[in-house]
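Have the sequence and the model side by side before reading on.

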Amino acid sequence: MKKIYIDDNIFYIENFLSEKAHNSLIELCNTVKWDFEDDIVKQRGSFQLIDEKYSFIWEEYSRNIYDLFDPNKYISNYTQTLQNMSSGDNNVEFALGPHSDDDGYKKHKKIKDETPSIIFGTIYYINENYNGGELVYLNKNISIKPKSNMFVCHPGSKEYAHAVKQITLNNRYSIPGFILNK
């Protein structure tokens, strides 16, 4: 896996999963009946993978994560869910508003400790046949147009606060994850 650095701390890896695993995820996205939630991100849904047919994907995914992050130092927190951000019909600038991963995690878990919990935020992009959906780092003047089978990693700190641009055509499927301090 070749890391391509955008700045000192943001990198991406193209072709993160094998063609077989990636194609299976695309198949899954195309066959799942999404149940949309009405939460902070109005156009969002998730699906828990329980079908044995797809278990090899998570095994490969986990191996790749352990190749990147020392399991003696970090804990990988992948919920094995897909995130579907619909094209929607609103005109807001961001489909997923400005946030840093660590702040969001602490707020959700009601953690008051100042020690960073989320060291890195990651996202794996399954498809690219949509308009919009760019990952924007607000304090860095960096924008990434995700590609299919791309894995992106950034620090979880406020310095790397980010947002996702509104999707205006089709759905963007991705797998968000976090690397926590052990």
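The buried residues of helix H1 pack against helix H2 (55-68), strand E8 (118-125) and strand E15 (172-181). Contact here means heavy atoms within 4.5 Å, and buried means under 20% relative accessible area, with exposed over 50% and partly exposed in between (1.4 Å probe, protein chains only). Helices (H or I, at least four residues) and strands (E, at least two) are DSSP runs, numbered from the N terminus.

This is a predicted model, in which local features need pLDDT of at least 70 and side-chain atom pairs count only at pLDDT 80 or more, while totals for chains, interfaces and linings use all residues. Residues are numbered from 1 along each chain as its sequence is written, and side-chain values use heavy atoms, with hydrogens and water left out.

The protein chain holds three helices and 15 strands. Of its 182 residues, 47% are buried. The chain exposes about 10,000 Å², and carbon and sulfur atoms supply 47% of that area (Shrake-Rupley method with a 1.4 Å probe; for residues, only the protein chains shown count as cover). Among contacts between residues at least 6 apart in sequence, 77% join residues at least 24 apart.

Return to H1, residues 19-31. Its 13 residues should span 18 Å at 1.5 Å a residue, and the C-alpha atoms at its ends are 18 Å apart, which agrees; the expected span is 1.5 Å times one less than the number of residues. Which residues of H1 are buried? They are Ala21, His22, Ser24, Leu25, Leu28 and Cys29. These residues lie on the same side of H1, because they cover an arc of only 160° around the axis, the arc being that of the directions from the helix axis to the C-beta atoms. An α-helix has 3.6 residues a turn, so residues three or four places apart point the same way. On the other side of H1, Glu19, Lys20, Asn30 and Thr31 are exposed.

H2 can be read in the same manner. This helix has 14 residues and reaches 21 Å from its first C-alpha to its last, close to the 20 Å expected at 1.5 Å a residue. Its buried residues are Ile57, Trp58, Glu60, Tyr61, Asn64, Ile65 and Leu68. They cover an arc of only 165° around the axis, which puts them on the same side of H2. The cover over the buried residues of H2 includes E2, H1, E5, E8, E12 and E15. Trp58, with a relative accessible area of 7%, is therefore counted as buried. The C-alpha atoms of Trp58 and Ala21 are separated by 8.8 Å, although the two residues are 37 apart along the chain.

Next, the nonpolar cores. A nonpolar core is a set of buried Ala, Val, Leu, Ile, Met, Phe, Trp, Tyr and Cys residues joined through side-chain atoms within 4.5 Å. The largest has 24 residues, and those with the most contacts inside it are Phe16, Leu17, Leu25, Tyr61, Phe69, Tyr124 and Phe151. At least two residues of this core come from each of strand E2 (11-13), H1, H2, E8, strand E12 (150-155) and E15. H2 gives the largest share, five residues. Another core, of 17 residues, lies apart from it and includes Met85, Leu96, Leu135 and Ile167.

Where is Phe69 placed? Phe69 sits in the loop between H2 and strand E5 (74-77). Its relative accessible area is 6%, so Phe69 is buried. Setting aside neighbours within four places in sequence, Phe69 is in contact with Tyr74, Phe120, Phe151, Cys153 and Ile179. Phe69 and Phe120 are 51 residues apart in sequence and 9.8 Å apart in space, C-alpha to C-alpha.

Strand E13 (residues 162-165) is joined to strand E7 (residues 94-99) by three bridges, and the two run antiparallel. Two strands pair if DSSP finds at least two bridges between them. Phe94 has Lys165 as its bridge partner in E13. Strand E10 (residues 135-137) also pairs with E13 in the antiparallel sense over three bridges, and Leu135 has Val164 as its bridge partner there.

Two loop residues remain. Most residues other than glycine have a negative phi. Asn141, in the loop between E10 and strand E11 (142-144), has a positive phi near 55°. Asn149, in the loop between E11 and E12, has a positive phi near 70°. Are they buried or exposed? Asn141 counts as exposed because its relative accessibility is 77%, whereas Asn149 is buried, with a relative accessible area of 6%.
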